[in-house]
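Hi everyone, thanks for coming.

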Amino acid sequence: MFKPWIPFEWIVAIRFLREGRLQTLFIVVGVAIGVGVIVFMSALLSGLQANFIRRVLSAQAHIHLLPPKEVARALRRGADAGNREVEGAIVQPPLQRLKSIDQWQAVAEQIRAMPEVTVVSPVAGGSALVVRGSASRAISVAGIEPDQYYRIVDINAKIVRGNGRLTATDMLIGTELADDLGVDVGDKLRVTTASGAIITLTVVGIFDLGNKGANQRSTFVALHTAQSLLGLPGGVTSLEVTVRDVYGAEVVAQRITAATGVEADSWIKTSAQFFAAVSAQTTANTAIRFFVGLSVAFGIASVLVVVVVQKSREIGILRAMGVSQGQILRVFLLQGGLLGLSGSVAGSAIGSLALLLWQRYARNADGTPLFPMTFDPALFTAALLLATLTGLAAAFAPALRAARLDPVVAIRG
Amino acid sequence: MADVAPASGAVTVPPLASAVVVQLRGVRKAFNVGTPIETEVLHGIDLSLHKGEFCAVMGPSGSGKSTLLNIVGLLDRPTAGTLTVFGEETTTLDDRALTRLRGHNIGFVFQNHHLITAFSALENVMMPMLGAAGFASKAMRQRAAGLIENVGLTAWQNNLAGNLSGGQQQRVAVARALAMNPALVLADEPTGNLDTRSADEVFALLRRFNQEQGTTVLFVTHNPALAARCDKTIQVIDGLASK
Ligand SMILES: Nc1ncnc2c1ncn2[C@@H]1O[C@H](COP(=O)(O)OP(=O)(O)OP(=O)(O)O)[C@@H](O)[C@H]1O
Ligand SMILES: [Mg+2]
């Protein structure tokens, strides 16, 4: 029996759909499959992207500030200063020497004062050779201020043996390097550089950055230690910066360059390839969504065209009873909207089920999930909303046709 | 009939001085106007119906009886002439106004028991009230139940319309036509498909409402015995009306 809070149009729309049984069921299943595919695909894609971004950003800062590169300069004949012609120019890129960022303390202060910035950490980095007995390996040494740097890359969480506390004579090395050299926590290593500096450091921690190359080459020492080892007294080779909004990093980087004159690269710029891939995926995903949406729309429209034909007598009777064209229009628009809505509810369920199965069965060799997947309520809300709107839009032509039926013709049948 | 509650949302029509409910002057109706197959079905009909009249419409098949009823019922527009319903000149009204006028003042009963199969008998009777008010109410339900009782179908009121017999469906259709307590009921061969007994029942129902409520009825029939029981008979022959 009619509930007093349900409007006339809803009552008629729901009854017509219910009376349609198989016809209604089939189109709802059709819509559900389409929505399910979209939900599953979108969640998978955003899961992949989020996973990549998480992995990238757990190992690097959002923005690097670097000292200016030394540029090549052509030799010019001094006598003809007015003559711009360059004769016998020898142009050769100069050897890149380690250079410090000018006035880095002032620059760091200036950046730290920016509201978008969360951490600024100076790093003095360079290449060195680590020697133990007769074995030696080329390494890259990063001199850090642990308090700051660990807020950018959480080395502590990646330490597998020992700890991350660095004093002037300590060193952190990767698991691969430790294996290559046969050293463990507490052992001493001799580190030399091309300029001839030699120091002996104690391994206090061994880390696993999740990447073989990094575990072989990367080492961390205290900032002062690196400065004296690399011949950069008081200097740093980069400032590592993190910001509040990782996607806004490039904008902040440009602002930093504008404000300080120091070259700043954001992770967005250095991960350009990744973003190109993401944008290609997004385009493909959008195209798929569009075409699935289109086929959903045509499916709903074709079912409603049939319903209008089936119900034309009843539409005529309703019109004879005093039901307006507007009311008939709304009855059929609602049917479209309801088909879209119920299809998308079922489709969200299908999509979620597929995601759960995916998470359960698509696993790494060690049994851990390929990547953590989040069930984003916004995705489901968007799917529901879009499918409902698609249903409404698809219903428009059939609904208009129903509303414009000539009641006399409709009743004569 | 005293136990039937008033229709909610019904427009009460002020009694006309002349008590003329429907007035047609020179009404013509042509189909497929402007095409080679243009045919005029009604050739200038003059007709007045007074309040409380029960008028039979007879005539051979294809003479234009249904066409006339559809025009009087504001479902169709005349190609020429004027139609005044409840004192309102209708030729200038738009679809919205016609629909409203129709919904509140005119009830239809068609030959092929046109019920809405997705709804029960009781719900079918509620439909015109629901459409007019937009929302269901207890009063609506009570009025519909009263009408269903009046046509003797209380025991079947919750059956889906399609599950009733032809005679039962037509009685439901009569109850539905009366839901808004209309001043005018148009019945286009309501007994045409029924056996003699069911036909008698449906006719008696319409006659009873006509006498108790003062409802004006236009009743198309091929049955001279039923026509003889009406107040007057109009013959429609070749698109012209005569008494
Ligand atoms: N929409 C239409 N288009 C074209 N011709 C029509 C249309 N409606 C009715 N006609 C024609 O008008 C004529 C009268 O039809 P109408 O239905 O009014 O006759 P009737 O008197 O009700 O006949 P019956 O007793 O068989 O019901 C018929 O010749 C019919 O073919
Ligand atoms: Mg007819």
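The largest pocket holds about 870 Å³ of space. Keep in mind that this is a predicted model. Which residues are closest to the centre of that pocket? They're A:A59, A:Q60, A:L209, A:A214 and A:S218, out of 31 residues that line it.

Now, where does the lining come from? The elements giving two or more residues are helix 2 (22-58), strand 1 (63-66), strand 2 (117-132), strand 3 (135-144), helix 5 (155-158), strand 8 (218-222) and strand 9 (238-243), in chain A. Strand 2 of chain A gives the largest share, with 4 residues. If you sort the lining by class, you get 14 nonpolar, 13 polar and 4 charged residues.

On to the second largest pocket, with about 490 Å³ of space. It has 22 lining residues, and those closest to its centre are A:R412, B:S66, B:N70, B:Q111 and B:D188. Notice the chain letters there. Helix 15 (407-412) of chain A and helix 1 (65-72) of chain B each put at least two residues into this lining, and helix 1 of chain B supplies the largest share, 4 residues. The classes here are 6 nonpolar, 11 polar and 5 charged residues.

Next up, aromatic rings. To describe a pair of rings, you give the distance of the centres and the angle of the planes. How many aromatic pairs turn up over all chains? The search finds 14. Let me show you one: A:F2 and B:F119 have ring centres 5.8 Å apart and planes at 75°, and since an angle over 60 degrees counts as edge-to-face, that's what this pair is. This one crosses between chains: A:F2 is in the segment before helix 1 (8-20) of chain A, and B:F119 is in the loop between strand 6 (106-109) and helix 3 (121-133) of chain B.

B:F54 sits in strand 3 (residues 54-58) of chain B and B:F219 in strand 8 (residues 216-220) of chain B, so the pair ties together parts that are 165 residues apart in sequence. B:F54 is buried, with a relative accessible area of 0%, and B:F219 is buried with 0% as well.

Back in chain A, there's an aromatic cluster made of A:F52, A:Y247, A:W267, A:F274 and A:F275.

In chain B, B:R208 lies over the face of B:F209, 5.7 Å from the ring centre. In chain A, A:K311 lies over the face of A:F16, at 4.9 Å from the ring centre. And A:K311 shows up again, linked with A:E19 and A:E314 in a network of salt bridges.

Side chains of opposite charge can pair when their charged atoms come close. The count over all chains is 18 salt bridges. One of them joins A:E9 and A:R330, with the closest N and O atoms 3.0 Å apart. A:E9 is in helix 1 of chain A and A:R330 is in helix 13 (residues 325-361) of chain A, so this pair ties together parts that are 321 residues apart in sequence. A:E9 is buried at 10% relative accessibility, while A:R330 is partly exposed at 40%.

In chain B, B:K232 and B:E53 meet in a salt bridge at 3.4 Å, N to O. B:K232 is in strand 9 and B:E53 is in the loop between strand 2 and strand 3 of chain B, so parts that are 179 residues apart in sequence get tied together. B:K232 counts as buried at 17%, and B:E53 counts as buried at 15%.

Last stop, the backbone. Most residues other than glycine have a negative phi. B:N32 isn't a glycine, yet its phi is positive, about 55°. You'll find B:N32 in the loop between strand 1 (20-31) and strand 2 (39-50) of chain B. B:D238 also has a positive phi, near 50°, and it's exposed, with a relative accessible area of 60%.

Methods: Residues numbered from 1 in each chain as written. Chains lettered and ligands numbered in written order. Predicted model: local features only at pLDDT ≥ 70, side-chain atom pairs only at ≥ 80, totals over all residues. Heavy atoms only, no water. Phe/Tyr/Trp six-rings, centres within 6.5 Å; stacked < 30°, edge-to-face > 60°. Buried < 20%, exposed > 50% of the residue type's maximum accessible area, 1.4 Å probe, protein only. Lys NZ or Arg CZ within 6 Å of the ring centre and 35° of its normal. 1 Å grid on protein atoms, 1.4 Å probe; cavity = no way out; pocket = protein on both sides within 12 Å on 5 of 7 lines; lining within 4 Å. Points joined across faces, edges and corners; volume = space filled by probe spheres on them. Nonpolar A, V, L, I, M, F, W, Y, C, P; charged D, E, K, R; others polar. Salt bridge = Lys/Arg side-chain N within 4 Å of Asp/Glu carboxyl O.
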